[in-house]
Amino acid sequence: MNPRLPYVLLAGAAVIIFILSCMLLSRGGRSPSCESQPSVVEKTGSMSQSLVFADLTPEEMSQVVGYLQGHLGVPLVDASRAKPSDNCIASVDLQVPGKAEVLRFLDGGGARPPREALAVLYFGKQPEPNITEYVVGPLPRPAYHRDVTVQKYGGKVPYHRRPTLRGEYEQLRVFLETKAFAAAPTFLQEVLEYDGTNVAFQSTVPHGFQSGDRVTWFVLFQNVSGFFVHPVGLEVLVDHSSLDISQWAVSRVFYNGQYYRDMVQLESAYVQGRISVEKVRKAPWDGDFSSMRPRAPAAAQFPVQFEPQGPRYSVRNNHVLFQGWSFAFGMSVSTGLRLFDIRHKGERVAYEIGVQEALSVYGSNCPGGMSTRYMDGSFGLGRYTSPLVRGLDCPYLATYVDTHALSDSLRPEKRKASLCIFEQNLGSPLRRHYSNLQSLYYGGLVNSALVIRSIATVGNYDYVWDFIFYQNGALEGKVQATGYPSSSFLHGDGLRYGNRLWEHTLGTIHTHFVNYKVDLDVGGVKNSLVAHDMAFEMARAPWSPEQQIERPRLTKKVLDTEDQAAFRLQSKMPRYIYFAANSKNKWGHQRGYRIQISSFAGDHIPEASSMERAISWARYQLAITRRKEEEPTSTSIYNQNDPWTPTVAFADFINNETITNEDLVAWITAGFLHIPHSEDIPNTVTVGNSVGFLLRPYNYYDLDPSIYSNDGVFFTSEQDFTACEINPLACLPKTASCLPNFPPFTYDGFRNM
């Protein structure tokens, strides 16, 4: 036996004892877990009343599908497998009841409105194919359906206006790969190294130049991560207007600045050496420069926000309470996140707020790029709502809500964690003052606000949709744009239409316009529109008449017609414009809510354009109209594929009707011009790409309501500001020293793809 062995064993035992002692001591000093305060008290009535706005449940959607299958007398094919010549259900969504009926229920003790669904059906297998909309009810056990198409749109909706189903896009992909490409095998193999898997397609809209067209440019990219910025120079125009897929045909081809009649002519020209070939370097599967894989190793963890005493808001079904605010929320298939019955301090300030449309108009010297005008509502801002990543898309400890949708299928689809709600400390004061004159004191209030968020990924773009509730009674609607820029193949005079982003990649100039519907009810349903602004006036100084003073004064004007309240996009608008109630505050002023828009929009498409009426809402940064049930939306999902004969033309809403003491709606447009630049690689950041609006109380209260917030701080030089009872900030070392309970990270975004 080695004589040193006992000493070695003793030394080892001592080390182990020391380590265990340290672990026990550290565990004993570990901060306790955070404990939640009692939940926010919510009246049962308000929670149940909000269900009048609640999205359809999966069970209700299935009931509607089953009812339609059994009562229409025609076969309905699953939309995911339907051919254009089939009948199918395109979508099922909530039919929101009429406002008067809802208000009788919410405020007057009236009956609960019947719960109904709106079903959009494509009838391709009929002598006159058409789109029909049915209201189906009552739910959860449907017993009737009624065709509301003519009532809503003044006539049947032609079949060519139908939004393109995912099944039709798949059929077009198969057509391109099996029929169109078969006509140019040499060109595809030698120029693109085409192997059947290494090409991705992006389609353009609208489909042609006149009503009835269904002709689409398909732009080809390398099929790699971030393919949107990997154009290969080839674009193919497909005529798929026929309901018989076998009749689809290529009607034009574009390659590297040259146009060809079809793929046969392209192949012939290539084989004969009459094509200028610009071969694109093959990118690795991760996209190389377009990869979003971090270029740096992980380091110190970024800051994380937590609630030491649990959430200070409540979410029950579709109803939210926070610091005097309450509202109901929902998710429309076409327009995405929307709010109803928004109240502050128990009083309704808005009946409905939601997105109407997101528009992008592109420029390029390639056919696909120059003809693109995306109206994303037709694709579905709710349909393409993304599952949210905990800790990045929203704070880690936010409340995550699942949503359900039925579109392009006979079965409801669950979108796990596709909406989040959280309180956010914005890291700055909502208001404050430090006094070092006369008396010495500090007073302030942290700017902590509630955010409800969803993110829609429509093709290359990701839109972050926020509604933010502040403690002073202000409400903000905001959208931030990120994702990949769309691109064209760089050739010829391409730099007239954007910046070069990579060797063959032109980041194409485009506009973004977002339209919101804001149905304010300030102090009641009936409001008027008032504008306040300023003007300088010249005056003699009363104490020195020989001297002149230029002083600003208040200007006031009541805007009493829709024409007066329609402000063109780049025109000057009164700086203070507000919905005025028929009641006054303590100081004799009409109570109001002001509309403040944040936007740096590009130019609107010229009104001489044949498609401009379909997007005529974008003429106006703000337009106020009388609220009408027959004008529920500023656009239609059918405008995208037939903008030349729009199903809904917003310009027709503005017809000089009086808007004094009426139920009014504000249609707000915010936007920005995007000229992609090298920093948009690998993809676009949200910083600087954020627009929206604020609704701010304007003489609505007698003083700032946030003075009643529990978060207020005030102490003087004569007080012990280190004491909790004087200064709640002094309590933080104790109240916020707990350890938050972080649930395990999960993500369901890649399921059932």
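Let us start with one stretch of the chain: residues 76-144 have end C-alpha atoms 18 Å apart, and the span is 13% helix and 38% strand. Here helices (H or I, at least four residues) and strands (E, at least two) are DSSP runs, numbered from the N terminus. The UniProt record, in an unreviewed entry, lists residues 76-144 as "domain: Copper amine oxidase N2-terminal". The record also lists residues 305-707 as "domain: Copper amine oxidase catalytic", again in an unreviewed entry. UniProt positions follow the numbering used here, feature names are shortened, and annotations may be inferred rather than shown by experiment. For residues 305-707, the end C-alpha atoms lie 25 Å apart, and the span is 2% helix and 53% strand.

A word on what you are looking at: this is a predicted model, in which local features need pLDDT of at least 70 and side-chain atom pairs count only at pLDDT 80 or more, while totals for chains, interfaces and linings use all residues. Residues are numbered from 1 along each chain as its sequence is written, and side-chain values use heavy atoms, with hydrogens and water left out.

Now to the charged side chains. Side chains of opposite charge can pair when their charged atoms come close. A salt bridge is counted when a side-chain nitrogen of Lys or Arg is within 4 Å of a carboxyl oxygen of Asp or Glu, and the whole structure holds 45 salt bridges. In one of them, lysine 152 pairs with glutamate 133, with 2.6 Å between the closest N and O atoms. Lysine 152 lies in helix 5 (residues 149-153) and glutamate 133 in strand 3 (residues 130-137), so this pair ties together parts 19 residues apart in sequence.

Lysine 152 is partly exposed at 35%, whereas glutamate 133 is buried at 3%. Another salt bridge joins arginine 162 and glutamate 168, whose closest N and O atoms are 3.7 Å apart. Arginine 162 is buried at 3% relative accessibility, and glutamate 168 is buried at 4%.

Further along, glutamate 662 forms a salt bridge with arginine 626, at 3.5 Å between the closest N and O atoms. This pair links distant parts of the chain, 36 residues apart: arginine 626 is in strand 31 (620-626), and glutamate 662 is in the loop between strand 31 and strand 32 (664-674). Glutamate 662 is buried at 17%, while arginine 626 is partly exposed at 24%. Salt bridges with shared partners also join Lys99, Asp519, Asp521, Arg627, Glu629 and Asp663 into one network.

Finally, look inside. The structure holds eight cavities of 30 Å³ or more. On a 1 Å grid over the protein atoms alone, a cavity is a set of points where a 1.4 Å probe fits but cannot get out, and lining residues have an atom within 4 Å of a point. The largest cavity has about 120 Å³ of space, the volume being the space filled by probe spheres set on the points, which are joined across faces, edges and corners. Its lining includes His230, Arg281, Trp502 and His504. The second largest cavity has about 100 Å³ of space and 15 lining residues, with Val219, Gly369, Thr372, Ser486 and Ser487 nearest its centre. Domain 2 (166-290) and domain 3 (313-424 + 456-698) both give residues to the lining of the second largest cavity, so this cavity lies between them; the domain bounds come from an automatic or database domain assignment.

Technical notes
Buried < 20%, exposed > 50% of the residue type's maximum accessible area, 1.4 Å probe, protein only. 1 Å grid on protein atoms, 1.4 Å probe; cavity = no way out; pocket = protein on both sides within 12 Å on 5 of 7 lines; lining within 4 Å.
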